[in-house]
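Here is a short briefing for a first look at this structure. Keep the view open while reading the points below.

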Amino acid sequence: MRRFLAAATLLALSVPAFAQSNEPEITVTATRVSVPLENVGDDVDIITQEQIKEMGFTSITDVLKYVAGLTISSNGGPGQTTSLYMLGLPTKHILLMIDGVPVYDPSTTDGQPNLAYIDLSNVDRIEVLKGPQGALYGSDAVAGVINIITKKPKKSTISLNFEGGKYKTFKERIYSALKLKDGFLSFTGEGFKTNGFSATNKKSYSYEPDNDGYRYKTGWFSFGWNPISRVKITGNLKMKGGSADYDSSVSGAKTSFNQFFASLKVDTILTDKLTVSTLLGNNRELRNYGSDYIGIVRYFSFQPVYYLTDNLFITGGANYRQEKAEIPSKHAVNLKSLFLEAHSEYYGFYLTGAVRRDFHSTFGDKTTYKVSAAYGVEKTRTTFKGEYGTGFRAPSIFQLYGYGGNENLKAETSEGWIVGIKQSVPEVHGVETSFEVDYFKNHVWNIIDWDFNLPVTPWGGYRNYKKAITEGVEIKLNVKPCRYFSIFGSYTHTRAKEFDGVSWSKLARRPKFNYTVGLKSGYRNIKFSLWALHYSDREDSNGNTLGGFTTYNCYVSYALNDRVNIYAKGVNLTDKDYELAYGYNTMGRALFIGTDFRF
């Protein structure tokens, strides 16, 4: 066990969820160390590159809105502002990372990630870790963590992709990987453009009937190098730039953006018992709405892992996170952290405990902790699991120093837990089944929001005065009745409310329940997927009701040979007219056709 975990830490092994392999599926996010997914008590979903391809997804929100416990709202089509909710909590309470490096924009009001800037061009898999993770990752991991793992090619290849369809949409991508004796080099280039559709409808005060287009170009370079057998160096360099039209009181409004992301990681096996990982990262984002808004996150992590026995490892270390923002005046804050974690197996129980101390340059110190456990009954293939943790979110630079800012703001704090059971049925005559039920509950205190009665400006300012509770149930199902056919689905029931000091109210844009159900089929050179997404009625922030809806989507591909694949995907097949935010349009029925070439 010890040697397996040490090797997994160095090589970052991964096995696709639907791959036919006896190797265990690996998670690196749930414990900050590579461990088999079945050995952690956390609620984790892993979306692989193969699954993304089988569904024809083109954006990060396409992927995440089908994960149990996650929902979205959007102010229009591609490139428009999109919000993500995890277990009923908003985007600002979700920590988004690329290969372990935090990726968000400190110049935004809540200091949250710009989801439109995240593309799938170099993604190997996405790990979604739910529940408070402050003890492992510090600020922002209140609802959970999303970690995007980049590709680590194992062979040399070149691939081309071309796709086009409705709204004069066109996408082209090139991926080139060179496998070397002691490492790899890879490059991804992607271009995307669409005329789109009007982001708003006649219900919106900023309604304009014109189309709101979106366009971007991305260049992403990755490398890996093993100078000696016990050292592995990996890194990324990503540049992305583009622009999006949007509706406002000014006709022809447009915003442009640029993103620069870089990371460097060194993994070293010092002995059979001791490994050390050092990680450096930088994310810079610029948005222009007539003037520049710039947000920069710099990150450093030092993490040794010591394997005391085959069944016990201890890890910990130090993290440093610096935020800089031009809003448009320049400001900076930093967060220094020390953490300790232990993971062990005892008579079939897999136990994880962690504690962390964060030192913020503005509001002071914060301590968070976490415990989780998993127990598997091998005879029945039943797994019982649970986690409890605390988290916090530091005030954003804008909330501290921007318009209506308040330098006396405290951190938002939280606690939450998830308990669940997973039942797997052994494969018999090609039939596989897994069924999982999880219950979650979160409390968040000292929520920062705008108070119109605060005499900071003539119209108010920011202060800590709200609290929120979210709770619910997730159900996940995967059935494979034969080798050519599989059924998948998830259902989430959520109760989300907040208290403003006077009364309780529903949190806006969260459906009481939502579900996904679909099927996948493959026979010889043909693959086919069909799935549905349903949201119940929701209440928007202005008190208006967003009606419930069901959309149907499909994807079909045909491999002409080992090198050429053609595909088509249909979105919103019934042309359902629905809203994810009041006064904003969503995509109607659309068809997209594409082809892949591999060399």
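Predicted model: local features only at pLDDT ≥ 70, side-chain atom pairs only at ≥ 80, totals over all residues.

Strands β11 (169-180), β12 (183-197) and β14 (231-245) are the elements that give two or more residues to the patch.

**Strand β11**

- The largest share of the nonpolar patch, three residues, comes from β11.
- Ile-174 lies in this strand. Its relative accessible area is 34%, so it counts as partly exposed.
- Lys-171 also has its place in β11. This lysine is buried, because its relative accessible area of 6% is under the 20% cut-off.
- Leaving aside neighbours within four places in sequence, Lys-171 is in contact with Thr-58, Asn-161, Phe-162, Glu-163, Glu-190, Gly-191 and Phe-192.

**Strand β3**

- Strand β3 (residues 43-48) is mostly covered, with six of its six residues buried.
- In a regular strand, side chains alternate between the two faces of the sheet.
- Both faces of β3 are covered. Asp-43, Asp-45 and Ile-47 are buried on one side, and Val-44, Ile-46 and Thr-48 on the other.
- β3 runs antiparallel to strand β8 (residues 123-130), and six bridges join the two.
- Opposite Asp-43 stands Lys-130 in β8.

**Salt bridges**

- Side chains of opposite charge can pair when their charged atoms come close.
- The count comes to 34 salt bridges.
- Lys-203 forms one of them with Glu-579, with the closest N and O atoms 3.3 Å apart. Lys-203 lies in the loop between β12 and β13 (212-228), and Glu-579 in the loop between β33 (564-571) and β34 (590-598), so the pair ties together parts 376 residues apart in sequence.
- Lys-203 is partly exposed at 47% relative accessibility, whereas Glu-579 is buried at 10%.
- Arg-357 forms a salt bridge with Asp-365, and their closest N and O atoms are 3.3 Å apart. Arg-357 is partly exposed at 34%, and Asp-365 is partly exposed at 41%.
- Arg-509 and Asp-540 meet in a salt bridge of 2.8 Å, N to O. Arg-509 lies in the loop between β27 (504-506) and β28 (513-523), and Asp-540 in the loop between β30 (538-539) and β31 (545-546), so the pair ties together parts 31 residues apart in sequence.
- Arg-509 is buried at 17% relative accessible area, and Asp-540 is buried at 3%.
- Salt bridges that share partners join Asp-43, Asp-45, Lys-130, Lys-385, Glu-436, Glu-474 and Lys-476 into one network.

Methods. Residues numbered from 1 in each chain as written. Heavy atoms only, no water. Buried < 20%, exposed > 50% of the residue type's maximum accessible area, 1.4 Å probe, protein only. Helix = DSSP H or I, 4+ residues; strand = E, 2+ residues; numbered from the N terminus. Pairing = 2+ DSSP bridges. Contact = heavy atoms within 4.5 Å. Salt bridge = Lys/Arg side-chain N within 4 Å of Asp/Glu carboxyl O.
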